[in-house]
Amino acid sequence: MKNPQNISVIGAGSWGSALAQLLSTRGLPVTLWAHEPEQVDEINTRHTNELFLPGVTLRPSIRATDDMTDAARADFLVVVPPSQFLKGVAQQLAAAGVAPGVPLVCCTKGLEHHTGRLMTQVLEEFFPHNPVAALSGPNHAEEVARGTPAAAVLAAADHALAVDLQQFFNTDSFRAYSSDDVPG
């Protein structure tokens, strides 16, 4: 993945908003998809997400939308809805037309309730022509959003992709380490 022009974060909860904040420090436009129009309006007009990240001012370069087709037009996607909603959100995102080859970074933790599948496996079902990576670590969203030092592992079956993607997450206060062990 060379020279992405835009990034979309799918899910505007605390972790999704914190990751949008983190990614926006790279100087690229970040689109943050939220389900609720009121949340979109708050993020775009007040640059806050008080329900999920109280007291945090979001960077003005973060643009919220509730239009999945708009959010799907990105050079890479960070997918972070709650685990119980991931399958439905993935279905919507796939219908919105993500281009083949666009990487998806899954930041949703947990297992699918009825099948026990990993969240990355749920995404792979809907995106067989897209590489799926995972970002996970012992993080607190409010700390990452405020720039408190933190770290995580970014894993992809293709280690070169993990290395390529990790550069977008690395900042002065956040370090992503690459791995090819997605389940681990």
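A nonpolar core is a set of buried Ala, Val, Leu, Ile, Met, Phe, Trp, Tyr and Cys residues joined through side-chain atoms within 4.5 Å. In this predicted model, the largest such core has 41 residues.

**Nonpolar cores**

- Within the largest core, the residues with the most contacts are Trp15, Leu23, Phe76, Val78, Val105, Leu135 and Phe169.
- Helix H1, spanning residues 14-24, gives the most to this core, contributing 6 residues.

**Helix H1 and Trp15**

- H1 is largely enclosed by the rest of the structure, because 10 of its 11 residues are buried.
- The buried residues of H1 run through Trp15, Gly16, Ser17, Ala18, Leu19, Ala20, Gln21, Leu22, Leu23 and Ser24.
- Leaving aside neighbours within four places in sequence, Trp15 is in contact with Val80, Cys107, Leu135, Asn139, Ala141 and Val144.
- Leu135, one of these partners of Trp15, is also among the residues with the most contacts inside the largest core.

**Ala141**

- Ala141 belongs to helix H6, which covers residues 141-146.
- With a relative accessibility of 9%, Ala141 counts as buried, the cut-off being under 20%.
- Apart from residues up to four places away in sequence, Ala141 touches Ser14, Trp15, Ala18 and Leu53.
- Thr69 is 72 residues from Ala141 in sequence, and their C-alpha atoms are 26 Å apart.

**Packing of H4 and H5**

- Helix H4 (residues 83-96) packs with helix H5 (residues 119-126) at an angle of about 20°, and the two axes are 9 Å apart.
- That angle makes H4 roughly parallel to H5, since angles under 35 degrees are classed this way.
- The H4 and H5 crossing is right-handed.
- On the H4 side, the contact is made by Ser83, Leu86, Lys87, Ala90, Gln91 and Ala94.
- On the H5 side, the residues are Met119, Val122, Leu123, Glu125 and Phe126.
- Sorted by class, the contact of H4 with H5 has 7 nonpolar, 2 polar and 2 charged residues.

**Leu104**

- Leu104 lies in strand S5, made of residues 104-106.
- Leu104 is buried, and its relative accessible area is 0%.
- Beyond its neighbours within four places in sequence, Leu104 is in contact with Leu77, Val79, Leu93, Phe127, Asn130, Pro131, Val132 and Ala133.
- Leu165 is 61 residues from Leu104 along the chain, with 10.0 Å between their C-alpha atoms.

- His47 sits in the loop between helix H2 (37-46) and strand S3 (62-65).
- The phi of His47 is near 60°, a positive value in a residue other than glycine.
- Most residues other than glycine have a negative phi.
- His47 is partly exposed, at 22% relative accessible area.
- Asp67 is in the loop between S3 and helix H3 (68-72).
- Asp67 is partly exposed, with a relative accessible area of 36%.
- Asp67 and Leu93 are 26 residues apart along the chain, and their C-alpha atoms are separated by 10 Å.

Note on methods. Residues are numbered from 1 along each chain as its sequence is written. This is a predicted model: local features need pLDDT of at least 70, side-chain atom pairs count only at pLDDT 80 or more; totals for chains, interfaces and linings use all residues. Side-chain values use heavy atoms; hydrogens and water are left out. Axes are lines fitted to C-alpha atoms, for helices over the stretch in contact, and angles run from 0 to 180 degrees between N-to-C directions. Helices (H or I, at least four residues) and strands (E, at least two) are DSSP runs, numbered from the N terminus. Angles under 35 degrees count as roughly parallel, over 145 as roughly antiparallel, 65 to 115 as roughly perpendicular and the rest as oblique. A crossing is left-handed if the near helix is turned anticlockwise from the far one by less than a right angle, and right-handed if clockwise. Contact means heavy atoms within 4.5 Å. Ala, Val, Leu, Ile, Met, Phe, Trp, Tyr, Cys and Pro count as nonpolar, Asp, Glu, Lys and Arg as charged, and the others, Gly among them, as polar. Buried means under 20% relative accessible area, exposed over 50%, partly exposed in between (1.4 Å probe, protein chains only).
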